[in-house]
Amino acid sequence: MGDEGEGSVQTPLLEEGNNALLQAGKDCEEEYTGDGSVDFWGRPSVKENTGNWRACPFILGNECCERLAYYGINTNLVTYLTKRLHQGNAAAAKSVTTWAGTCYLTPLLGAVLADAYFGRYWTIAAFSTIYFIGMTTLTLSASVSSLKPPSCVGSVCPAASMGQYAVFFLGLYLIALGTGGIKPCVSSFGADQFDDTDAKEKKKKGSFFNWFYFSINVGALVSSSVLVWVQDNVGWGWGFAIPTVFMGLAIGSFFSGTPLYRLQKPGGSPVTRMCQVVVASLRKLRKKVPHDHSHLYEVQDRNSAIQGSRKLEHTDEFKCLDKAAIITDDDVRKNEFSNPWRLCTVTQVEELKILLRMFPIWATGIVFAAVYSQISTMFVEQGMTLDTSIGSNFHIPPASLSVFDVLSVMVWVPVYDRLIVPIVSKYTKRERGFTELQRMGIGLVISILAMVAAALVEIRRLSIAKAYDLVHDEGTPIPMSIFWQIPQYFLVGASEVFTFVGQLEFFYDQSPDAMRSLCSALSLLTTALGNYLSSLIVTVVMYATTKGGNIGWIPDNLNEGHLDYYFWVLASLSLLNLLVYISCAHRYKYKKAS
């Protein structure tokens, strides 16, 4: 009886102690983020004091100013190359698309450094400095008389010297390097401010990507209107100096929010982990994958073996890679559990599987990016031949018409976020309305319409040139208002809101936790390859259409060419690309994190 009485006293005490521990754990979970993020000083992030929307204004301000600087160069670059460095239309278009492509290729370097070694915060900080140096160099090349070629005298335009080209392109490609550390990190860094394990915060993340793209276009709006006017009417020295100042403001805005940021620790090289999976699976090529995937190797801890990453559930695709997680007798005997070159966890294998599943979706973004690149090349060159006058005294710079692309984005972002999403979500029962894949597909359809609109405008322009006997007159503007281009710019802007923002959300949400910078860089890589594809198409078109002494589709005097045929080629490629995308999206399987 005595023992029973003592036990009856201990039982409620034990229950009370367990309840106290559970409540303490719950309070701890409510106080700190559950995604492993830390503050600037390396302490676990406190929800009340860090992240969420309170940290986002500094990140959005940084992106707005940085994009103002970037588009301050990119938007009117083709004009500078043709009017100041005296390049031909085709050469200038290729220079612009090659540089713009490089700006979206270098993020692969920045992403690997961020994910593997420095984290997103310090990568953004370091590469922003390189970016600023590039902007300063570019400003000097346009301001110092010895660093730029003399102005044209009549129809004679002296070519730039090798030294002048060297300084100009040095500044240009330092900017490309700098943007490589910013672009793959800043959108992911902003999304990191919302805890994936908190349902309320996770819901806000979708809106963040919309407003992130909105802030990009606020900067682009100023660039394509005010800065382009300054460059064409005040001077290129001032036109490049102003975006340099804004790049300095971007750096200041970013550092101002430091105490509020949530930082994710780097999880080691994602490239190394992928290589380990391939090597480990090849080592066990003759081994048979067990039918029960629970027999595959995975650590027993709550978190995965990869720092900063949740565990990923096993999937049945690419079963040959599962061999990397097979536990053999040799692994047990030699205690190879800590050697990922011989034995990988299921989560590590699934990281590579996710990238392979994303690849077809990623590839279909290249043609879309080629269409998007036209707003800074062929759209501008088409606009140069049109009537740019407003009234009797004011002429709108052709590159400034891209303001309608920006305005389109600024209209569609709030319409999509506040109007379309609530309406569509009632029918789809999804918080974000469309899935990311559906959203991207809608943008691809709109991009086809944009190329059709551009082709129709060009057909009209050529017919007017012929009617007024201006086919061989390169200097006289066609009596057709440049505002005929507005629909094609507006359609490209609408397609961006659906496809580019959808890509941002898709590649962040579907990527492994420790590969988010890399996957953002892969998303940006489609833009690089799209620019290179555009350059390739121009090269092929010029080669094919100038055979036999023909003038070609894209001559220096566009009145003698057929730019409309070029736009029809892009529309046809876009239609074919859409069909491939629909097939890939239908088969795609979404990530499952445990």
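Axes here are lines fitted to C-alpha atoms, for helices over the stretch in contact, and angles run from 0 to 180 degrees between N-to-C directions. The model on screen is predicted.

**Stop 1: α6 and α17**

Select residues 162-191, which form helix α6, together with residues 516-545, which form helix α17. Their axes come within 8 Å and cross at roughly 120 degrees. Angles of 65 to 115 degrees count as roughly perpendicular and those over 145 as roughly antiparallel, and α6 and α17 are therefore oblique to each other. The crossing of this pair, α6 and α17, is right-handed.

Now show side chains at the contact. On α6, pick Lys183, Pro184, Cys185, Ser187 and Ser188. Coloured by class, the contact of α6 with α17 shows four nonpolar, four polar and two charged residues.

**Stop 2: α2 and α4**

Next, select helix α2 at residues 52-74 and helix α4 at residues 89-103. The two axes come within 11 Å, and the crossing angle is roughly 160 degrees. With the limit set at over 145 degrees, α2 and α4 are therefore roughly antiparallel to each other. The crossing of α2 and α4 is right-handed.

Which residues of α2 and α4 make the contact? From α2 come Tyr70, Ile73 and Asn74, and from α4 come Val96, Trp99, Ala100 and Cys103. By class, six residues in the contact of α2 with α4 are nonpolar and one is polar, with no charged residues.

**Stop 3: α15 and α18**

Move to residues 436-467 for helix α15 and residues 563-587 for helix α18. These helices pack at an angle of about 165 degrees, and their axes are 8 Å apart. That angle makes α15 roughly antiparallel to α18. The crossing of α15 and α18 is left-handed.

**Stop 4**

Finally, display the second largest pocket, which holds about 810 Å³ of space. To centre the view on this pocket, select Lys83, Met384, Thr385, Pro398 and Glu474, the closest to its centre of the 28 residues that line it.

Then highlight the elements that give two or more residues to the lining: α3 (77-83), α7 (199-233), α13 (378-384) and β1 (386-387). Which element gives the most to the lining of the second largest pocket? It is α3, with three residues. Colouring the lining of the second largest pocket by class gives eight nonpolar, 13 polar and seven charged residues.

Definitions and conventions. Residues are numbered from 1 along each chain as its sequence is written. This is a predicted model: local features need pLDDT of at least 70, side-chain atom pairs count only at pLDDT 80 or more; totals for chains, interfaces and linings use all residues. Side-chain values use heavy atoms; hydrogens and water are left out. On a 1 Å grid over the protein atoms alone, a cavity is a set of points where a 1.4 Å probe fits but cannot get out, and a pocket is an open set with protein on both sides within 12 Å along at least five of seven lines; lining residues have an atom within 4 Å of a point. Grid points are joined across faces, edges and corners, and a volume is the space filled by probe spheres set on the points. Helices (H or I, at least four residues) and strands (E, at least two) are DSSP runs, numbered from the N terminus. Ala, Val, Leu, Ile, Met, Phe, Trp, Tyr, Cys and Pro count as nonpolar, Asp, Glu, Lys and Arg as charged, and the others, Gly among them, as polar. Angles under 35 degrees count as roughly parallel, over 145 as roughly antiparallel, 65 to 115 as roughly perpendicular and the rest as oblique. A crossing is left-handed if the near helix is turned anticlockwise from the far one by less than a right angle, and right-handed if clockwise. Contact means heavy atoms within 4.5 Å.
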